Amino acid sequence: MQSRCEQTKLLLSDYLDQMLDSVTMYAVETHVKSCAQCRTVLDGFRNVVGLVKDERLIPMPAGLSSRLYSKIDELPKKMELVEEVPLGITGDTVPAGSHMIYFWQSNAEFEAGVQFLYPGLGKDEHCIIFGHDEALEHVQQVMSANGYDPARLIQDRKLTVLRRHAPAQQTIAEIGEAIERALADGARFVRFLGNLGIGLAPLPAGEDDVLELEAKATALMASLPCVVVCMYDVRTVPGRLLFKGGLETHNLSVCSEGVKVNPFYASAHATDSQRVN
Amino acid sequence: MSATAPRRNEVNQDSLPRVRAGDREGFRQLVAPHEPMIYRAAWSLSEGQESAIELSQQAVLLAWRDFGRCNSSESIRQRLAEKVIAAARAGHRKSDAAVPSEYVPRHFEAWQDLPEAVARTAEFRADLHRALTALPYEWREAFVLRDMLSFTVTECAEILQLNVELARQLISNARLQVRDELATATRQQSVGGCQ
């Protein structure tokens, strides 16, 4: 059983922010009036919070205003907003923000899919590979066989490996963080290679969670300097996921003949700019 | 207190396409009112002035690169704060130490209010920075957003991608610890732990 002071102590911050209901506000107020210990905590809060919000406390160094944009000024004009990048799998270029589906069933098709990573890998782009453990290992084996050193790329912060281990909400946050980190590290563009297949571990939160993840990924990537290819293993992915996830949540599909606008993509927000010439 | 920065500076509908098309001047005009906020956030999350400047520049670069995602209804101030957090996290090494779930405050005989004038001294700045550095990083982010930048608790939760309950708890813990750290620095008379 918590003492009255312990209970009140937990509420003082919310009391200060006026985030308590009126009954609890009154209870805290009443207790604080009669308890010197809790009152000193609240007095300290009020004083400290009042002081640190003062904008004069941390003045901007002289001249910083003009230096603040120096990293943007250093960008070559043409480089600053990447509009299209080579796909790597086919000879097409694709717009930034594209979320593409690539179905594979043979090893040769898998290896072709991994080529998506190569155009900027180790240069000015950052690559993220995501999926179940077996797929991540397979992608890195293919990269190694093609002369890349995944361990070194990870160390140089040119490659991020994200394991599929959590529900969509957490996964999308982890993906967002990885992209932010890559851009903060100076990457000009991010390539994201997702892998969906049924490995040894089950899907972290079921099939509907995969659909949620795909939908959230489309929204997240829409205007980022980023292109996403989702490789679906048609040998192991259930039919419903192939259709609802593979076909309905990706605006473009990568076929052997090239990149096509996906006619099954179910988005009210698809625009002409997302289509490939 | 000084005049507060604009609370919400929604992206002007007319300037959005221009800035998206690469208009740097338009971008500067949008960011300019928030420059002090960017620096305050950066200073609070970094180790010193030089790294704060670097972090501010990095955050502005991130905001520029990501500007395409900004829509007309959202606050550019919040978007810029998100970028400072993201840039700071990119450079932050996570500690292996477990983050405590709560903080037990010390008890003081009475709280001697620190006057506003004290808060603008270099000594207090240094004390505050030490207090911030002593916080677990998650608590530090929450405190900086809520109390130093005056975002609402809901906005803090959005920026930190937490639920509101957790954000409230982090803010509460951080306030308790910062209060104690500053109390020590300013020689408040401690009489032990809170009952």
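A crossing of two helices is called right-handed if the near helix is turned clockwise from the far one by less than a right angle. With that in hand, here are some close-ups of this predicted model.

**View 1. Helices α3(B) and α4(B) cross in a right-handed way.** Two packed helices are described by the angle between their axes and the distance between the axes. Here α3(B), residues 35-45, meets α4(B) at about 125°, and the two axes lie 8 Å apart.

**View 2. The residues between α3(B) and α4(B).** From α3(B), the contact draws on Ile38(B), Tyr39(B), Ala42(B), Trp43(B) and Leu45(B). Helix α4(B) answers with Ala52(B), Leu55(B), Ser56(B), Ala59(B) and Val60(B). Sorted by class, nine of these residues are nonpolar and one is polar, with no charged residue taking part.

**View 3. Chain B where it touches chain A.** Chain B brings 53 residues to this contact and chain A brings 46. On the chain B side, α4(B), residues 49-65, gives the largest share, with 10 residues. That side of chain B is made up of 26 nonpolar, 15 charged and 12 polar residues.

**View 4. Helix α3(A), residues 36-52, from end to end.** At 1.5 Å a residue, its 17 residues should span 24 Å, and the end C-alpha atoms are 24 Å apart, so the two values agree. Buried residues of α3(A) include Cys38(A), Thr40(A), Val41(A), Leu42(A), Gly44(A) and Phe45(A). Further along, Asn47(A), Val48(A), Val49(A), Leu51(A) and Val52(A) are buried too.

How values were computed
Residues numbered from 1 in each chain as written. Chains lettered and ligands numbered in written order. Predicted model: local features only at pLDDT ≥ 70, side-chain atom pairs only at ≥ 80, totals over all residues. Helix = DSSP H or I, 4+ residues; strand = E, 2+ residues; numbered from the N terminus. Expected span 1.5 Å × (residues − 1). Buried ≥ 20, exposed ≤ 12 C-beta atoms within 10 Å, placed from the backbone. Contact = placed C-beta atoms within 7 Å. Nonpolar A, V, L, I, M, F, W, Y, C, P; charged D, E, K, R; others polar. Axes fitted to C-alpha atoms, helices over the stretch in contact; angles between N-to-C directions.
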